[in-house]
Structure formats: structure tokens, C-alpha cells
Amino acid sequence: MRSRFLLLPVTTLTINVPAHATVYLTIEQAQALTFSGASFTPDFRTLTDAQMASIEKDSGVNVRHRQVKVWRASTGGWFIADDVVGKHEYIPFALGLDQAGRVVGIEILEYRESYGHEVREPRWRAQFSGKQHGARLRLDDDIRNISGATLSCRHLTDGVKRLLATYAVVLAQPPR
Amino acid sequence: MPSCWHSRPVERARPLLGTIVAVRVHDLPEPCAHRAIEAAFAEIAATHRAMSFHEPDSDVSRLNREAWRRPVRVSPHTAVVLRLAQFFAAATDGVFDITTAAELVAAGGLPRPDSPLPDPCASWRDIELGPERTVHFRRKLWIDLGGVAKGYAVDRAVTCLIRHGVRQCCVNAGGDLRILGPAPERVMLRVGDLPGAMAAVLELADCSLASSGERQGLAVGAGQTGQHFDGVSRRSVGCGAVACVVAESCAVADALTKPVLAIGEKWAAALRRLGATAYRLDAAGHWRHFGAAA
């Protein structure tokens, strides 16, 4: 166990959270992880006004997109790609449902905003740049992790609630 | 970079424990990394199900409904966490106290459980851990394991990753994190603006970090109260201060942030005994550190 505490000038830091990329999973990777071995058939739906109102009433959550990006898994079940609004950015995520509409998986596809958002904003960093006389960013000050004020996942759990209501209103219905 | 590392670490994130939990594995090929990460998330989900204050079937909810009437049996992991919680209560003379759930509910930070109001004199001393994982409350009280369960879940996840052959990884549950492996990693402490345009960074290898508290003006996410209560005074603590604790186990780091936030240096000796180091930022923007040598 080793630790050391450092106070470093903000302008020398490279905030690299999440590490190496801001994409955790592509849609195809998330599909393969949620429904192992399945193939996927797109079955995108466009919500009517009545359906949107019904989903909002059932879930208590606003519907932001009229289009629902759904795929049917060949092994049974549904894969939905959606997004929610975090504090600063959209958070794409995916939800897997079995044939009865029960959740079998939730994956965050991309997570850019994290905690260090304000520190990565060019405008925020620019206020300090005059003090550095063109100092270069040093890659060995790579910051991979952030700790501090906790982020709630409420927006994501609300998104899941909204999609469960979407399943009940749109997907669970027998085809006409 | 060790030669066993693959070209790119594999990282995934899910909403769990009321926050975003990210698991990153450096040293397994991608398919193996995904299997290990899946197993780690399952451990975290199991901790969440057992110890969530919000899930009606969790051990915590069952205890809050029933344990004042009769002993209630809990799962093995909940039993471990309760023993840990009682140990921290004793070690901090009750400043760490899971019965401050009552104050959190009164402050609107948690929903009211479906059971009678707690006895205002109730404390951690009224929690009886009996044989065969049974728990009884000697007075009407409510418990919340939020002050230690996240850290415990992180420890479980890391143990699981080790079982899958991982030797370099990071599990981060909304800022309570554990870094395993020979290569140190840097963690930025998101604590608001610091004097002199500086950032506080901890460089860690093979240890855990937990943070509690918040500075003025640092908005928290929806649904987050950011409140902690001193179990002795029963008052909200650490307004404008931030406590970061480094320890080998994330459960220890998590639990110790609350007394460090409340009283700070009084716990230097206890921190040293537990092998933990605390960094506390006061409302004026000054850092102090105490406990085991960093």
C-alpha cells in the first residue's frame, strides 16, 4: 500500500477519465455482452403522442425522444439503446429486457461528464493559462481517477423506469 | 508498463449503489476482462440488494421494519458489515453510528421506513448482534449502512477480480475506490476551487480511497443530500469541509471519512492503529493530514 499527496498546478494536468477513451462499449459490444450468442434484428419504433403521454404518466419521467431504438434478440428479449441527461452531458446507455420485460442488463455506453468535467472545460482552464507562460501539458501527470462529491445515478434509474414503461406501452403489446 | 498488460484496459460502468460504479481491468485479454468485470458487478449488485435502504426486501429494510420486535436473520455479508459498523462505532466513541439514519430521514435525505419512529435515545449500543447472524434492536431505531456499504462493495468487487486472475485494476463506486496492482495511479480530488489554481491529487498503489463532504458551491447531483451526522451530537457535520481517507480496505476508508469530517485530528491515533491516513480540507481551503505516515 503506497500513497502520496500532491498539489499540482491545474494547467499541467491531463485529465483522462475514463482512462484512454470516453467510450466504454459500442452498441454491438453491449448487445453481445447482454445477450451472449444472439443475433439482433432492428425493430425501431416511433412513439405516437398517446404513447408518449402514457409512458410519461406511468413512469413519471419525461420522454425526450420520439424514436425508440429497439432490437429483438434472436435468443428472446429486447435490447434498447437510449440516453439520459446527466449534469452536463448526455449519457448513452443500453438496457436488456427478457421476453417478459424484466431487466437482464444495464450498461453505460459512454461516460464523458464524470467528476472532472469543469476541469476539462477549455474555458475554465484558460483562466489560468496566462500564469504559465506557455507551459506544455505533461503526459506523465495523467489523472485516471476522480474522487470527491458523489454523483447520483438518479437520471439513469429514471431512464430505466421510462424504458420499462415504454416496454409495457409499446413492446409488450401483441402485433396488430 | 508491465508486459502482461494488454494494449488497452477494459472499463465498464453501471448505475449501482445509488451512484455510477466503474470497473477497469488492465491485465487480461478482452473476453476474460469482460467476464471478470461481469462477476465483479454481480458482487456489487448483491451488496446493493442486501444493504439498500430503499429496496423493501433488503436486509436493512427488514431490520428497520422488524428488528425492534424480534431478532431478524441477515445474509452473511450484511452480518460482516454490521460487525464492521459496530467496530467503527466503538473505535470512534460513537461518532460513526449507523443509527443516524433517524436524523437523515428527518433531514429528508432518506425516505421514512415503514415502522414506528425511532427512540430519540437510541444509538449503536442498542444494536445486538446475536448468534447465527441474527440482529435485534433493543430500542426502536433505524439503521443506514450507506456510510460503509459502498466501500465494502468495492472490496468485494476487487476480491472477485483477483479470483479471476486480475492483478491491476480499479473499482470506483462514485468516488469510493480501490486501486490494485504494482502500477500507481493518480486520483484527482474533486473538492472545488483551491487557492493558487492548484489541484489536489493522490497517487495511490494497492490501496483504497474514500471521500465525504463537500465545499460550498459544489453542486451535487439530483437526489443527493451530502449530509453526514455525528452519532454523538446527532448534528450534521463537516459543512464546507472534505475528508479523504486512504486505507488498504475501502470499507475502512469509507467508514473513517465520517469521523474525520466531524472531528478531524482527534482520530489520528485511531487512524494510525487502522493503518489509515486522512486528508482533510477545511472550509478556508487548507489541507491537513494525519494518521499513518503516507
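**Figure 1. The largest nonpolar core of the predicted model.** The largest nonpolar core has 52 residues, of which B:L63, B:I143 and B:L145 touch the most other members. This model is predicted. Helix 6 of chain B supplies the largest share of this core, namely seven residues. Apart from this core lies another one, of 40 residues, with A:I80, A:I106, A:I108 and A:V170 among them.

**Figure 2. The surroundings of B:I143.** Leaving aside residues up to four places away in sequence, B:I143 touches B:F53, B:V60, B:L63, B:N64 and B:L82, among others. Its contacts also include B:I98, B:T99, B:A101, B:I127 and B:F137.

**Figure 3. Helix 3 of chain B and what covers it.** Helix 3 of chain B comprises the 16 residues 76–91. At 1.5 Å a residue, this helix should span 22 Å, and its end C-alpha atoms are 23 Å apart, which agrees. The buried residues of helix 3 are B:T78, B:A79, B:V81, B:L82, B:A85, B:Q86, B:F88 and B:A89. An α-helix has 3.6 residues a turn, so residues three or four places apart point the same way. Among the elements of chain B that cover the buried residues of helix 3 are helix 1 (30–51), helix 2 (59–66), helix 5 and helix 6 (250–262). Strand 4 (127–129) and strand 5 (134–137) of chain B are also included in this cover. Helix 3 is followed by B:D93, which has a positive phi, near 55 degrees.

**Figure 4. The open sheet of eight strands in chain B.** Eight strands of chain B form an open sheet with antiparallel pairing, in the order 1-2-6-7-10-11-12-13. At its edges are strand 1 (10–16) and strand 13 (287–291) of chain B, each of which pairs on one side only. From one strand to the next, the twist averages 15 degrees. Helix 5 (residues 149–163) of chain B packs on this sheet, where it touches strand 2, strand 6, strand 7 (176–180) and strand 10 (207–213) of chain B. The direction of helix 5 makes about 25 degrees with that of strand 7 of chain B.

Figure 5. Strand 1 of chain B is mostly covered, for seven of its seven residues are buried. From this strand, B:V10, B:R12, B:R14 and B:L16 point one way, whereas B:E11, B:A13 and B:P15 point the other way, and all are buried. Seven bridges join strand 1 to strand 2 of chain B, and the two strands run antiparallel. Opposite B:E11 stands B:R24 in strand 2 of chain B. The hairpin of these strands has two residues between them, and B:L17 takes a positive phi near 60 degrees.

**Figure 6. Strand 6 of chain B between its two partners.** Five of the five residues of strand 6 of chain B are buried. Both faces of the strand are covered: B:C169, B:V171 and B:A173 lie on one side, B:C170 and B:N172 on the other. Strand 6 (residues 169–173) is joined by five bridges to strand 2 (residues 19–25) of chain B, and these strands run antiparallel. Here B:N172 of strand 6 stands opposite B:A22. Strand 6 also pairs with strand 7 of chain B, over five bridges and in the antiparallel sense. In strand 7, B:R178 is the bridge partner of B:V171. The hairpin of strand 6 and strand 7 has two residues between the strands, and B:G174 has a positive phi near 55 degrees.

**Figure 7. The open sheet of three strands in chain B.** Three strands of chain B form an open sheet in the order 3-5-4, with antiparallel pairing. Strand 3 (72–73) and strand 4 of chain B are the edge strands, each pairing on one side only. Strand 4 and strand 5 of chain B run antiparallel and are joined by three bridges. B:H136 in strand 5 of chain B stands opposite B:E128.

**Figure 8. A:S147 and its contacts with chain B.** A:S147 is found in strand 10 (residues 145–148) of chain A. This residue counts as buried because its relative accessibility is 0%. A polar atom of the A:S147 side chain lies 2.6 Å from the backbone oxygen of B:G175. Not counting residues up to four places away in sequence, A:S147 touches B:G175, B:L177, B:V187, B:M188, B:L189, B:R190, B:L209 and B:S211.

How values were computed:
Residues numbered from 1 in each chain as written. Chains lettered and ligands numbered in written order. Predicted model: local features only at pLDDT ≥ 70, side-chain atom pairs only at ≥ 80, totals over all residues. Heavy atoms only, no water. Pairing = 2+ DSSP bridges. Helix = DSSP H or I, 4+ residues; strand = E, 2+ residues; numbered from the N terminus. Axes fitted to C-alpha atoms, helices over the stretch in contact; angles between N-to-C directions. Contact = heavy atoms within 4.5 Å. Expected span 1.5 Å × (residues − 1). Buried < 20%, exposed > 50% of the residue type's maximum accessible area, 1.4 Å probe, protein only. Core = buried A, V, L, I, M, F, W, Y, C linked by side-chain atoms within 4.5 Å. Polar contact = N/O pair within 3.5 Å; in protein donor to acceptor, adjacent residues only side chain to side chain.
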